[in-house]
Amino acid sequence: MQLRFGLILGFAVGLGFALAAPEFATAGGCPDGGKLVEHEVKSGQTLSGIAVEHGVTQRSIERANPTLDPNKIRVGQTIKVCLPGEAKSSSSSSSSSSSSKKKSSGSGKSCGGSKTISVHEVGKGDTLSGIANKYDVSVDRILSRNPKLKKDPNSLRVGQELLICADTRRAKASKTCGYRTPVHEHEVLPGEHLGEIAGRYGVRRKDLIRLNSKLKNNANLLSVGQTIRVCPEIAPRETTKLEYTVQSGDTLSGIAKKYKLTSNELLGYQRGKLKDANDLKVGQKLVVYKSGSVIPGFGAYDDDSGVLKSGVQMPPGKYYVLKTPSRAYGTGDTVRMIQSAINAYRRKWKSSPKIHIGDLSRKGGGPLKPHKSHQHGKDVDIGYVLKGDKKDEIRFVSANANNLDVARTWTLIKAFLDTDEVKYIFMDHTIQKLLYDHAKSKGVSKDTLDEFFQYPRGKGRGHGIIRHSKGHVNHFHVRFRK
Ligand SMILES: [Zn+2]
């Protein structure tokens with residue numbers, strides 16, 4: 001019945017009848033007199049991307065689809081979109097016919113090339129630079145579309161609607177990043193080097209070089225303010241520049257700690273005006289780049305849950321022991337990379353206790369107690385290489401400065417990192433320190449240490465591929481990228 005009605009209406013419009021009956025158009029249920037269209041989800045699309053495409057806010061789509069989980073939209077799924085009321089002037093072109101979705105996207109008006117106008121409803125915690133980043137446009141471009149805001153950029157309010165001219169095809173999760181995250185542009189801060197920038201986003205220096213052809217020739221020549229493209233594994237945060245006046249009793253490390261920075265980072269921000277900690281004087285002004293909230297559009301996406309479709313069981317091996325073979329299923333890539341890392345390790349250490357491999361995933365994947373992850377065959381728990389009488393114990397034994405075989409464990413960790421497919425390694429902060437000091441004493445450069453380790457930053461700071469997570473003092477956890 002509904003279908004027939006739609007056909008008749010379409011026919012009437014086609015003939016040029018002035019069948020202006022806005023109440024028909026809104027019969028599908030748009031609250032503000034807007035026009036309802038249906039959008040069929042295509043591969044790679046996200047809810048915010050769809051919102052941008054139709055020139056509406058994500059919130060308005062969520063309102064029109066109360067049962068929809070924004071993080072779980074599927075290809076082929078139909079989503080209701082309420083186009084703003086003003087679009088009515090183009091007449092009652094359709095009802096809920098999905099074939100009409102393209103031409104009726106009223107306020108998604110073209111603003112040049114493949115760019116269209118979208119409406120952004122300012123949310124809590126939004127900043128201009130954050131919004132600009134989300135839509136991949138400049139702050140200036142937003143200001144030029146919103147004259148009121150241009151007069152007073154501080155007049156940004158929650159609920160305010162901004163017009164943004166953006167390339168809808170580039171919005172949200174980028175193809176460059178395998179549709180997992182949008183591309184982020186990092187602005188180089190004073191004193192930063194490439195390893196540190198890689199660490200900030202939990203990626204490798206080579207990932208950055210791959211994404212930024214400029215870096216290919218000289219990756220060490222960075223200039224302040226230069227932008228570097230990154231597919232962040234650690235969500236980027238707003239950065240605010242502020243001035244700190246040194247008080248009596250202040251120490252450099254104390255000030256750094258206050259802003260979750262290392263003394264070295266803080267020193268770097270001073271662009272040579274402060275040589276070392278002893279140089280600090282009361283009343284002196286320091287530049288601080290403070291990290292704030294996660295930039296909108298980069299929020300946490302759930303990558304812990306899932307299933308394992310064509311999993312492979314880790315076979316028995318000469319150099320390792322499987323704690324529980326029934327919980328040792330991984331993707332083909334994961335199994336291969338664990339084997340190749342252990343083989344590389346054994347090429348360096350001809351004698352070694354067997355490596356103790358704990359859980360990967362169960363057959364078929366899905367929840368595996370007591371873990372939150374270990375669901376899609378891309379996680380593995382591995383015991384640290386120990387020395388002393390506990391080194392061959394199959395159960396995981398807590399490691400510390402006395403029993404950890406630092407040299408062997410570092411080789412093992414490095415072998416995993418060298419697969420180039422590690423997303424992160426969870427490791428207790430105390431063990432990080434032991435390995436960091438060891439690697440440093442063996443001549444590993446600061447750039448590389450900053451790339452790999454969260455330490456010496458605090459355990460709460462998202463930095464590096466090797467990061468602290470509770471419960472990883474007797475084993476480390478490797479998450480592979482694929
Ligand atoms: Zn684990």
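Predicted model: local features only at pLDDT ≥ 70, side-chain atom pairs only at ≥ 80, totals over all residues.
**Core**

I started with the nonpolar cores, meaning sets of buried Ala, Val, Leu, Ile, Met, Phe, Trp, Tyr and Cys residues joined through C-beta atoms within 7 Å. The largest one has 43 residues, and Phe-416, Ile-425 and Val-478 have the most contacts inside it. Elements giving two or more residues to this core are helix 12, strand 12, strand 13 (379–383), helix 13, strand 14, helix 14, helix 15 (446–452) and strand 16. Helix 12 gives the most, with 6 residues. I also found a second, separate core of 18 residues, which includes Cys-82, Ile-131, Leu-162 and Ala-166.

Residues are numbered from 1 along each chain as its sequence is written.

"Buried" is 20 or more other C-beta atoms within 10 Å of a residue's own, "exposed" is 12 or fewer, and "partly exposed" is in between, with C-beta atoms placed from the backbone. Helices (H or I, at least four residues) and strands (E, at least two) are DSSP runs, numbered from the N terminus. "In contact" is C-beta atoms, placed from the backbone, within 7 Å.

**Whole chain**

I noted 15 helices and 16 strands in the protein chain. Of its 482 residues, 36% count as buried. Of the contacts with a separation of 6 or more, 68% come from residues 24 or more positions apart.

**Helix 13**

Back to Phe-416: leaving aside neighbours within four places in sequence, I see Phe-416 in contact with Ala-341, Val-422, Ile-425 and Val-478. Phe-416 is one of the buried residues of helix 13, along with Val-406, Arg-408, Thr-409, Leu-412, Ile-413 and Ala-415. The buried residues of this helix pack against helix 12 (332–348), strand 12 (355–357), strand 14 (422–426), helix 14 (429–441) and strand 16 (475–480).

Helix 13 (residues 406–417) has 12 residues and reaches 16 Å from first C-alpha to last, close to the 16 Å expected at 1.5 Å a residue; the expected span is 1.5 Å times one less than the number of residues.

Next, the packing with helix 14. The angle is about 90° and the axes are 10 Å apart, which makes helix 13 roughly perpendicular to helix 14 (65 to 115 degrees counts as that). Axes here are lines fitted to C-alpha atoms over the stretch in contact, with angles from 0 to 180 degrees between N-to-C directions. Val-406, Ala-407, Thr-409, Trp-410 and Ile-413 of helix 13 meet Leu-434, Leu-435, His-438 and Ala-439 of helix 14.

I looked up Leu-386 in the loop between strand 13 and helix 13. Leu-386 counts as buried because it has 24 C-beta neighbours inside 10 Å. Its C-alpha is 4.8 Å from that of Asp-405, 19 residues apart along the chain.

Asp-450 lies in helix 15. Why does Asp-450 count as buried? Because 26 other C-beta atoms are within 10 Å. Beyond four places in sequence, Asp-450 is in contact with Gly-195, Glu-196 and Gly-199.

**Strand 1**

Last, I looked at strand 1 (residues 35–40). Lys-35, Val-37 and His-39 form the covered face, while Leu-36, Glu-38 and Glu-40 form the uncovered one. Strand 1 pairs with strand 2 (residues 78–83) in the antiparallel sense over 6 bridges; pairing needs at least two DSSP bridges. Val-37 stands opposite Val-81 in strand 2.

How values were computed. Contact = placed C-beta atoms within 7 Å. Parallel < 35°, antiparallel > 145°, perpendicular 65-115°, else oblique.
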